[in-house]
Amino acid sequence: MKTSLLAALTTFVLFALTTTNPSVVEAQVLDTDGNPVEWSTNYYILPFVWGPLGGGLTLGRHNNSICPLYVTQEPSDLSNGLTVAFSPRISRLSFVTSSADLSIRTTGAAATCKLSLVWKIVPESTRLWFVSTNGNSNSPTSIFKIEHYESYYYKILFCPAQSPIPTLCKGLGIYIDDDGTRYLAIGDDIEPFRFVFKKAEVSQTQNYIKTMV
């Protein structure tokens, strides 16, 4: 009985928040089915259109690194890549809202080299920063935001408050290296990429990173 009552109260509070505050509804981040993106749920991050923009996000090596720590993009639009989950810094809601501080963790891969799969920003050069794993959700280098780009498309920003990193409030885009690897990155010359979020089926959350280690 107590469990049912608690569930009913939670539903009522969420309903009241979203119906009495239209800005909350407008700020909801929606998936490709038009449903709110939920915290701690597995999603694919995909380009807003299929084709030459490539596929979903995965993990790859960089500079002969032993572990596939860097967040990269599948070159083929036929691959959804690996799933991720979003975790809030502070939120009373069960779904993701635009501009909320959050951390991102790759979930569609087994942890490798005993390192965290939480995303963080790491310097590649003075004007270029890559997204890698092995982050800490409490660190300023692992705080991201999702913002509406246009229609149902979104951009992911690295824009935490009180961060020592000089390149603040930058949208994540794709940097193509000389060998053709497509890295998720921020930089002065990188345009924010337009993403959509596709909810993963339970059977799809276990993936193929075993072949990389």
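Author: The side chains of Glu38 and Lys199 meet in a salt bridge, with 3.7 Å from N to O (a salt bridge being a side-chain nitrogen of Lys or Arg within 4 Å of a carboxyl oxygen of Asp or Glu). Glu38 lies in the loop between α2 (22-26) and β1 (43-47), while Lys199 belongs to strand β13 (residues 195-199), so the pair ties together parts that are 161 residues apart in sequence. Helices (H or I, at least four residues) and strands (E, at least two) are DSSP runs, numbered from the N terminus. This is a predicted model, in which local features need pLDDT of at least 70 and side-chain atom pairs count only at pLDDT 80 or more, whereas totals for chains, interfaces and linings use all residues. Residues are numbered from 1 along each chain as its sequence is written, and side-chain values use heavy atoms, with hydrogens and water left out.

Glu38 is partly exposed, with a relative accessible area of 32%, and Lys199 is partly exposed with 38%; here buried means under 20% relative accessible area, exposed over 50%, and partly exposed in between (1.4 Å probe, protein chains only).

The structure holds four salt bridges, and a further one joins the side chains of Arg127 and Asp188, at 3.1 Å from N to O. This pair links distant parts of the chain, since Arg127 sits in the loop between β6 (120-125) and β7, and Asp188 in the loop between β12 and β13, 61 residues apart. Asp188 also meets the side chain of Lys170 in a salt bridge, at 3.5 Å from N to O. Here Lys170 lies in strand β10 (residues 170-171), 18 residues apart from Asp188. As for accessibility, Arg127 is partly exposed at 48%, Asp188 is partly exposed at 41%, and Lys170 counts as partly exposed at 23%.

Turning to strand β12 (residues 182-187), we find it mostly covered, with six of its six residues buried. Arg182, Leu184 and Ile186 on one side are buried, and so are Tyr183, Ala185 and Gly187 on the other, which leaves both faces of β12 covered.

The pairing of β12 can be followed strand by strand (two strands pair if DSSP finds at least two bridges between them). Strand β3 (residues 70-73) pairs with β12 in the antiparallel sense over two bridges, with Thr72 opposite Tyr183. Strand β7 (residues 128-132) runs antiparallel to β12 and is joined to it by three bridges, and Leu128 has Gly187 as its bridge partner. Strand β11 (residues 173-176) pairs with β12 in the antiparallel sense over four bridges, and in this pairing Gly173 stands opposite Ala185. β11 and β12 also form a hairpin with five residues between them, where Gly180 in the turn has a positive phi of about 90°.

Thr133 is buried, with a relative accessible area of 1%. Leaving aside residues up to four places away in sequence, Thr133 touches Leu59, Leu69, Thr106, Ser116, Leu117, Val118, Trp119 and Lys120, where contact means heavy atoms within 4.5 Å.
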